[in-house]
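Here's a quick briefing for anyone meeting this structure for the first time. Have a look at the sequence and the model, then read on.

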Amino acid sequence: MAEAAGVPAESLAGCRARAARTVLDQVVLPGEELLLPEQEDGEGPGGAGERPLRLNAAARSRGRVVCGPGLRRCGDRLLVTKCGRLRHKEPGSGSGGGVYWVDSQQKRYVPVKGDHVIGIVTAKSGDIFKVDVGGSEPASLSYLAFEGATKRNRPNVQVGDLIYGQFVVANKDMEPEMVCIDSCGRANGMGVIGQDGLLFKVTLGLIRKLLAPDCEILQEVGKLYPMEIVFGMNGRIWVKAKTIQQTLILANILEACEHMTTDQRKQIFSRLAES
Amino acid sequence: MEGAMQTESKIRADSGTEHGPRGPGCSLRHFACEQNLLSRPDGSASFLQGDTSVLAGVYGPAEVKVSKEIFNKATLEVILRPKTGLPGVAEKSRERLIRNTCEAVVLGALHPRTSITVVLQVVSDAGSLLACCLNAACMALVDAGVPMRALFCGVTCALDSDGTLMLDPTAKQEKEARAVLTFALDSVERKLLMSTTKGLYSDAELQQCLAAAQTASTHVFRFYRESLQRRYSKS
């Protein structure tokens, strides 16, 4: 390839692995490799294998780094598999090295154990209901997984009902299973969602934003009208207000929240509060 | 979101660097990309290269028919629709090439027994169609959040009768060329994922074209990075 020798080798080598610390809150692309903090020490002037001795205790508590959504372990590095902003959370109680994850914008939900979701009952077969949660497979929900349900006392669930429940089994190899009770046997807000109201779909990123602690949007929306609202981590929101018009206004506001800036939102809320 | 990328690379060692939009020096046409423009698919992207434009939509990981499911990885399907007429054999062969490229890059093992469908619609064809389809498919897969081990891009080279190399040829240049070569390259080490060639060329010319495509792909990946950074900076 003598003719192409003019091309410098670095431009063809692609990105070499970067330290995860330096890329925090920046956009990362699939294929990038990230180095964890422990590995950077080994690449300093000490060279291969030598580590500078540290006498402070903080260096010892490195522990396990948790690899969150969008990242995979690849050898001793992290491989980015989705495009988004890299985030890090420090460990709360001192053990472990914290969590790294990629904040990406997605519409399609993949079931995760422990998530609370809104599902639509699509079929009743024998003792289980098939519930559509927006993933690749319908989840199964046993009729005994409701508060106070026994073999004689079956819950009143029909095809087409909305269910708010959580996943107990959700991995890539098995069919997802959900229940409407918590580990103590109490409903805790889960179960069949009542009559009327409106179910609509938003992106997963918006749901996470709305469910974050101290979400301003939610506080402002709550001041507008009295309403009931249920958020499912699968991107579904159920809203019910006193009249149909109010319900539709709430649905439109929540859908539009994704694209509006804070100022535009405040304008719209103030206009609505006046009328 | 637009990015105008013009690159001139010197391929013949004797001639000086030539400037000029599509002169004897090689240059890629103007690029533009837009993401998340369709409301129904899980991910969508539109990619423009000069006058060639392709719209891509990705659905997945979604339900799959029992006859098509694979027990340990995702079933990837590619559907390519031409601008006019019914899809024919040429579309089928391009679908297979795009599918093989995507399968090499998408982490299907994370979603067994699901299907990932990429639907491509040719909006206008003015040369380098397969490369534009590959670029649109990659951007749409990223938009849908399908886990991938790297990004990929497509680059087309044409060799004319004197042996001059042209990158990103127009339809007229492709027709008059002696050979047209399309390569799909990955973003990590610019390795070759797929190549399809038509026409007469020598072994040395093949290596030359591959090297030129690898250089050009750097610009395409830089454009990807810029347009994705712009997308995430809005939120």
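Helices (H or I, at least four residues) and strands (E, at least two) are DSSP runs, numbered from the N terminus. This is a predicted model, where local features need pLDDT of at least 70, side-chain atom pairs count only at pLDDT 80 or more, and totals for chains, interfaces and linings use all residues. Residues are numbered from 1 along each chain as its sequence is written, chains are lettered from A and ligands numbered from 1 in the order in which they are written, and side-chain values use heavy atoms, with hydrogens and water left out.

**How confident is the predictor?**

- The complex gets an ipTM of 0.84 and a pTM of 0.86 from the predictor.
- Chain B averages a pLDDT of 88, with 89% of its residues scoring at least 70.
- In chain B, residues 1-25 are the stretch to note: pLDDT is below 50 there, and the model gives it 56 contacts beyond near neighbours in sequence.
- Where pLDDT is low, the predicted coordinates should not be read in detail.

**Chain B as a whole**

- Chain B has 4 helices and 10 strands, and from the N terminus on they run β-β-β-β-β-α-β-α-β-β-α-β-β-α.
- Of its 235 residues, 57% count as buried (under 20% relative accessible area; exposed is over 50% and partly exposed in between, with a 1.4 Å probe and protein chains only).
- Take the contacts in chain B between residues at least 6 apart in sequence: 66% of them join residues at least 24 apart.

**What the UniProt records say**

- An unreviewed UniProt entry puts "domain: Exoribonuclease phosphorolytic" on residues 28-147 and 151-215 of chain B; such annotations may be inferred rather than shown by experiment, and positions follow the numbering used here, with feature names shortened.
- Residues 28-147 of chain B are 28% helix and 33% strand, with end C-alpha atoms 29 Å apart.
- Residues 151-215 of chain B are 29% helix and 42% strand, and their end C-alpha atoms lie 16 Å apart.
- For chain A, an unreviewed UniProt entry places "domain: K Homology" at residues 197-244.
- That span of chain A is 38% helix and 31% strand, and its end C-alpha atoms are 8 Å apart.

**Helices in chain A**

- Helix α3 (residues 204-211) of chain A has Leu204(A), Leu206(A), Ile207(A) and Leu210(A) as its buried residues.
- Seen down the axis of α3(A), those buried residues fall within an arc of 160° (taken from the directions from the helix axis to the C-beta atoms), so they line one face of the helix.
- Their cover includes α4 (216-224), β16 (227-231), β17 (236-241) and α5 (244-256) of chain A.

**A loop residue in chain A**

- Leu144(A) sits in the loop between β11 (139-142) and β12 (162-169) of chain A, and at 38% relative accessibility it counts as partly exposed.
- Leaving out residues up to four places away in sequence, Leu144(A) touches Ala149(A), Thr150(A) and Lys151(A).

Conventions. Contact means heavy atoms within 4.5 Å. pLDDT is the predictor's confidence in each residue, from 0 to 100.
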